[in-house]
Amino acid sequence: MHVPLQTITNIEGVSDVAHGIIHISDPHVERKLGDTEASYFLPSRENGVNDMYLHLGCHVPERFVERHRVSVVWAIMRLRHPLLASKVIMYDYEDIRFAYDVPISPAKALSEAERNLEYRTQSKADLIDSYLNGPRTLSNERLSYLVVAHDSSPSENGQDSVRNYDFLFCATHFLGDGMALHQFANDFFGLLGGPSDQAALMVRLAAEWSIRCTSSIGKPPTLPSSMEDRLPPAPISRFRDAVSRVDFDLEQRKFIGGHTFPRRSKLPLNTIVPTISLDREKTKVILRSCKTRGVSISSALFAICNIAWARTHSQGWELPLMMYSALNMRPNLMADKRLNDSYWFLAIGYFNVVLPTFIPQSSDVSRTFWHRARSAKNQSIKAAKSTMVISRCREMARERGARARTWAKEDDDALAGIPKKPVAAPVELLKTVAKSQAPSKALMGLSLLGNLDGIYKHSTFPDIQLLSLNTGSRQRAGGMLLFGYTFVEKLWVSFGYDANGFEEGTVQQFWINVVQAIDEFLLS
């Protein structure tokens, strides 16, 4: 018989903390994955599809990157955010759970952090490539990992020397999203580069453990709730449920897209991530250009991709171009009913932007570009501010969860040699509305992170100079995602894609056109 959704099994233990002996419980805590989490977990099982990484390159004094100091900070952060230290147990397709074994002492928390920390001598390029294209780093038993790397032998000047280091934060996508990852990195560096010495950090570790893992606060440890459990509940009503399903289905039918990158026969996955960064002066020019025209850089990047594709592929212009992106749902969520203060949980919905493909030959292309940037802005705002955003998010989560379970069962049966059986559609939304015959294909996805300098409080770690930021995830064959953000007052645009998954030359020309369009429209 399966255990309840939130399970506590007590095993008595003791530990020396601060000035005395504190009696603790060593609970095993489980929490069922929500639909969105399950939709990311199930396809990740084979080879880590969607496993996230965040690379931060920095100039840092050696004393801040001593292994013991990094281990203690890593341990503190894992106590604050228990999903990072959890594992996943799959009982069946409908019952998949996070499982957290609360450490019995600060020493145990530290040793667990040590086991999930690695130091390497490796270049930034090789570090990222090995994560994206090598054997999977993460697993059901290891949902997070930290790598600290440098590309040459240690300096001979000891603790006072300053040198470049690369930090690679790794986490499964069903654990959280980009906002959690960046907030985590900021808090991590705030501790690592803060004023506390080693002894003070050890006291902090003991205090965090006492607060979060003992009975001193009068409640057992918990795991943060899923997004679906935090969405404001709708009144129980069959009519309301029907309205939500009809609205969701009708909204999806509006999204028409007739363009995809031409693929080629399956070759081994080889993800590459060409990246550009524009200096501070150019970034200021871009920000002014966008502000003058009433759009954000994020909206402009939708239009950049639109124009770049039209210049890459001159066929099928009668059909519009569709792109998709993630929608931050955190502003719409209720407080965690379990009173867990961790921000490490997955809280995203999805929205599409549809733009014309053709470029009018008789008009100023610049005017067309800015008009489409404003259209992308309006569509983004409409998706985020809709009165139906919560019900649409809930319906999308249900559909994605059901679809992922169906596909996972088919994949598992195929591996087991079980013949495929006809399977009913996972979610049947509307029988009464005739299906549109128009295509609904997305060209690509965009991950638009905005101004990350609003998250990274550089003044809280003054001796650590962050230099570069790259982010992405392990992809499936034929995967593709474009990232755009500002960091250290520079605009960064990166394009992660499977170099072996597409027709030779098309994707490469598209990226050239993206870079040229940025220069042509945003810097003119």
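Reply: Phe 189 and Phe 461 are both buried. Buried means under 20% relative accessible area, exposed means over 50%, and partly exposed lies in between (1.4 Å probe, protein chains only). This is a predicted model, in which local features need pLDDT of at least 70 and side-chain atom pairs count only at pLDDT 80 or more, while totals for chains, interfaces and linings use all residues. Residues are numbered from 1 along each chain as its sequence is written, and side-chain values use heavy atoms, with hydrogens and water left out.

Now the wider picture. A pair of aromatic rings is described by the distance of the centres and the angle of the planes. Rings of Phe, Tyr and Trp (its six-membered ring) pair if their centres lie within 6.5 Å; planes under 30 degrees apart count as stacked, over 60 as edge-to-face and the rest as tilted.

The structure holds 25 aromatic pairs. Take Trp 74 and Phe 184: their ring centres are 6.0 Å apart and their planes stand at 80 degrees, so this pair is edge-to-face. It joins distant parts of the chain, with Trp 74 in helix 2 (residues 67-80) and Phe 184 in helix 5 (residues 178-192), 110 residues apart. Helices (H or I, at least four residues) and strands (E, at least two) are DSSP runs, numbered from the N terminus. Trp 74 is buried, at a relative accessible area of 2%. Phe 184 is buried, also at 2%.

Back to Phe 189 and Phe 461. Their ring centres lie 5.8 Å apart with the planes at 45 degrees, so the pair is tilted. Phe 189 is in helix 5, while Phe 461 is in the loop between strand 16 (444-451) and strand 17 (465-473), 272 residues apart.

Ring pairs link these residues into a cluster: Trp 74, Phe 167, Phe 169, Phe 184, Phe 188, Phe 189, Trp 344 and Phe 461.

Strand 4 (residues 52-61) and strand 9 (residues 162-171) pair in the antiparallel sense over ten bridges. Two strands pair if DSSP finds at least two bridges between them. Strand 4 also pairs with strand 17, antiparallel, over eight bridges. There, Gly 57 stands opposite Ser 468 of strand 17. Nine of the ten residues of strand 4 are buried.
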